[in-house]
Each structure stands twice: as C-alpha cells, then as structure tokens.
Amino acid sequence: MSSLRMLVRTLTVAGLTAALIAPSSVARAEPSVAELTARIEKSSTELERVVESYNKLNEEIKANKETAAALHARIGPLEEQTARSRADVGQMAVTAYKTGGLRTAQALLEPDGSASLVDRLSTIDRLTRERQDRIAGFTTSQRKLVDEKNRLDATLAREAAQARSIANTRKKIERDLARLYELRREAYGRATEAPSPRPAARSAPDAPAVAGNAGVAVRYAYGAIGKPYVWGADGPGGYDCSGLTSAAWRAAGRSLPHNTRMQWGAVSHIGRGDLRPGDLVFYSGLGHVALYVGGGQIIDAPSAGRNVLKRNMGIMPIQGYGRVR
C-alpha cells in the first residue's frame with residue numbers, strides 16, 4: 001500500500017507541476033513589445049526595398065513615355081517626308097515607264113518588291129544625278145521611318161511589361177503593409193503613428209538658416225515633419241524616403257528621380273567631412289535616403305506607419321553622401 005500511495009503522490013505532484021508550468025509557458029510564447037518592434041523593423045526594411053523597386057519602375061515608365069512621345073513627334077514628319085519622296089519617285093517611275101520600260105518603273109516603285117537590288121542600282125545609274133538624289137532620299141526616309149517605328153514598338157513593349165510588373169509589385173506591397181500594420185497594432189495599439197499636433201506649415205521657424213537652394217530644400221523638409229509615410233508618394237500630403245528628398249529639391253528647382261538608387265547615381269559623391277545641410281545621406285544597400293540638416297541630424301520618411309521626423313543620422317550603416325548638382 002505504501003508503494004501505491006507513493007506512486008499516487010508522485011503522479012499528483014507531477015500533474016500539479018505541469019499545470020503550474022503550462023500557463024507560464026503560454027505567457028512566455030507571447031512576443032514582447034521589443035520582439036515585435038524588431039520584427040516591425042525587419043518587415044519595414046524589406047518593404048522599403050520593394051517600394052523603392054516600385055519607384056524605380058515608375059521612373060523607367062516615365063522615361064519610356066517621354067521617349068515614346070519624342071518618337072511619335074519624329075515619326076509624323078518622317079511619314080510626310082516619305083510620302084513626298086514616294087510621290088516624286090512615282091512621277092519619275094511614270095517617266096521611266098514611258099522612256100525605259102516597265103522593269104525600270106517596277107524597280108523604282110517597289111524597292112522592297114520582286115525587283116533585285118542590282119536592278120535598282122542599275123536603274124539609278126541610268127538616271128540623272130538629281131533623280132539619284134531623290135531616290136536616295138526616298139530610301140533613307142523609308143529606313144528612318146521603319147527604324148523609328150521599330151524603336152517605338154520596343155519602347156511600348158517595355159512599358160507594357162513594366163506596367164504588369166508594377167501591378168504585381170503593388171499587390172505585394174499591399175499584402176506586406178497589411179502584415180506590418182497588424183504587427184504595429186499588436187505592439188503599439190495602433191497601426192500608424194498619430195498625426196503631428198503641430199501645424200504642417202510651421203517649417204521656417206525651426207529650420208536653420210541655410211543659404212541658397214540647399215536652404216530651400218532644408219526648409220521644405222522641416223515643413224514635412226509630422227506628415228505620414230505614404231509609399232510611392234512625393235507630397236504634399238505624405239512621402240516615402242526618396243519621395244521626400246526629391247520633393248525637397250524640386251522645391252529648390254532641382255530635379256531628382258523618385259528612387260534612392262537613381263538619386264545616388266544623380267548626385268556628386270562627397271566625404272563625411274564635406275557634409276553640409278541639404279546634402280543627401282544614403283544608407284547601406286541604397287534602400288533608404290535622407291536629407292541632412294546639420295548637427296549630425298537628418299530629416300527622413302522612416303517607414304510605413306510612421307511620420308516624417310528629424311533624428312540622428314546614425315540610424316543604420318551609411319553607404320555614402322551626395323550633393324545635388
């Protein structure tokens with residue numbers, strides 16, 4: 001009996017111990033605010049890379065649209081020139097038919113038809129220099145027109161592919177944002193930071209006195225403090241990181257692409273010792289950029305759910321520094 005009592009007592013103690021340990025194990029499984037914050041920072045960094053790739057696609061589409069418009073503008077006059085040249089050659093073909101036979105006319109009217117290049121060249125040899133010039137002009141116009149149309153078709157095809165990629169990237173961003181906002185809600189009780197209580201037009205009093213265009217950019221950035229991070233946006237209601245720097249320098253009359261990597265390629269690279277207000281600070285991997293405002297401080301649009309703020313520039317490893325030309 002004593003052995004049975006001992007066994008029952010052992011099992012009872014073990015059961016109580018398990019019951020006491022189980023709840024504390026569940027409690028420890030819940031992530032702390034610090035752990036959630038670390039996950040939020042990691043998700044934000046990954047999301048920012050995707051947003052910047054979206055911005056790059058947008059910049060490329062913008063450039064392709066400009067190229068397509070320029071090509072369209074050139075194609076119109078080329079079509080007119082080709083039509084005039086064709087009319088000239090047509091008239092010459094009529095004359096050639098009357099004086100030199102059908103084969104000559106065919107060679108002139110159908111440069112890409114059944115007549116061989118040898119036939120065409122021998123026909124040209126029989127004509128006057130003026131006629132030769134007209135035919136050469138017609139052939140050149142045709143080639144230019146075909147080349148321009150081919151370039152336009154290739155540009156439009158790139159645009160279409162990029163538009164499809166944009167749509168896919170947008171869907172990914174929206175999915176990533178939903179997860180990020182849920183993490184923020186779990187950690188901080190709300191998905192986004194509260195809007196700044198200070199008026200948005202307060203820029204000038206807080207901004208340091210900086211001369212020239214750099215001063216305009218710095219004052220613009222101060223005016224953006226407290227506005228929300230909005231991916232793909234360059235103001236005035238919200239910004240992402242490269243959107244803020246491009247908007248600040250646009251206010252100063254300088255054009256910067258809305259993409260961190262492209263901005264890195266557009267600025268003059270400088271050393272840390274040369275840094276002055278208005279310069280750009282680029283972070284490792286070129287996934288983030290900020291505007292330097294002096295005293296080791298930057299203004300940047302940090303990440304989804306947060307607002308534009310001024311902070312120490314040592315927020316993460318730095319890739320380099322750039323001055324807007």
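1. Basis. The model is predicted, so local features need pLDDT of at least 70 and side-chain atom pairs count only at pLDDT 80 or more, while totals for chains, interfaces and linings use all residues. Residues are numbered from 1 along each chain as its sequence is written, and side-chain values use heavy atoms, with hydrogens and water left out.

2. Six strands make up an open sheet, ordered 1-6-2-3-4-5 and paired in the antiparallel sense; strands (E, at least two residues) and helices (H or I, at least four) are DSSP runs numbered from the N terminus, and two strands pair if DSSP finds at least two bridges between them. Strand 1 (268-270) and strand 5 (309-312) are the edges, and because each has a single partner strand, one side of each is left without a neighbour in the sheet. From one strand to the next the twist averages 40 degrees.

3. Strand pairings. Strand 6 (residues 318-323) is joined to strand 1 by three bridges, with Arg 323 as the partner of Ser 268, and to strand 2 by four bridges, where Gly 322 is the partner of Leu 280. Strand 4 (residues 297-300) pairs with strand 5 over four bridges, again antiparallel, and Ile 299 stands opposite Lys 310 in strand 5.

4. Helices on the sheet. Helix 7 (residues 212-224) lies across strand 3 (289-294), strand 4 and strand 5, at about 110 degrees to strand 3; axes are lines fitted to C-alpha atoms, for helices over the stretch in contact, and angles run from 0 to 180 degrees between N-to-C directions. Helix 8 (residues 241-251) touches strand 2 (280-283), strand 3 and strand 4, making about 50 degrees with the direction of strand 3, where contact means heavy atoms within 4.5 Å.

5. Largest pocket. The lining of the largest pocket comprises 17 residues, of which Glu 41, Thr 45, Glu 48, His 288 and Met 316 lie nearest the centre; a pocket is an open set of points on a 1 Å grid over the protein atoms alone, where a 1.4 Å probe fits, with protein on both sides within 12 Å along at least five of seven lines, and lining residues have an atom within 4 Å of a point. Helix 2 (residues 33-100) gives the most to this lining, with five residues.

6. Salt bridges. The whole structure holds 11 salt bridges, each being a side-chain nitrogen of Lys or Arg within 4 Å of a carboxyl oxygen of Asp or Glu. One of them joins Lys 42 to Glu 46, with the closest N and O atoms 2.8 Å apart, and both residues lie in helix 2, four residues apart, about one turn of the helix.
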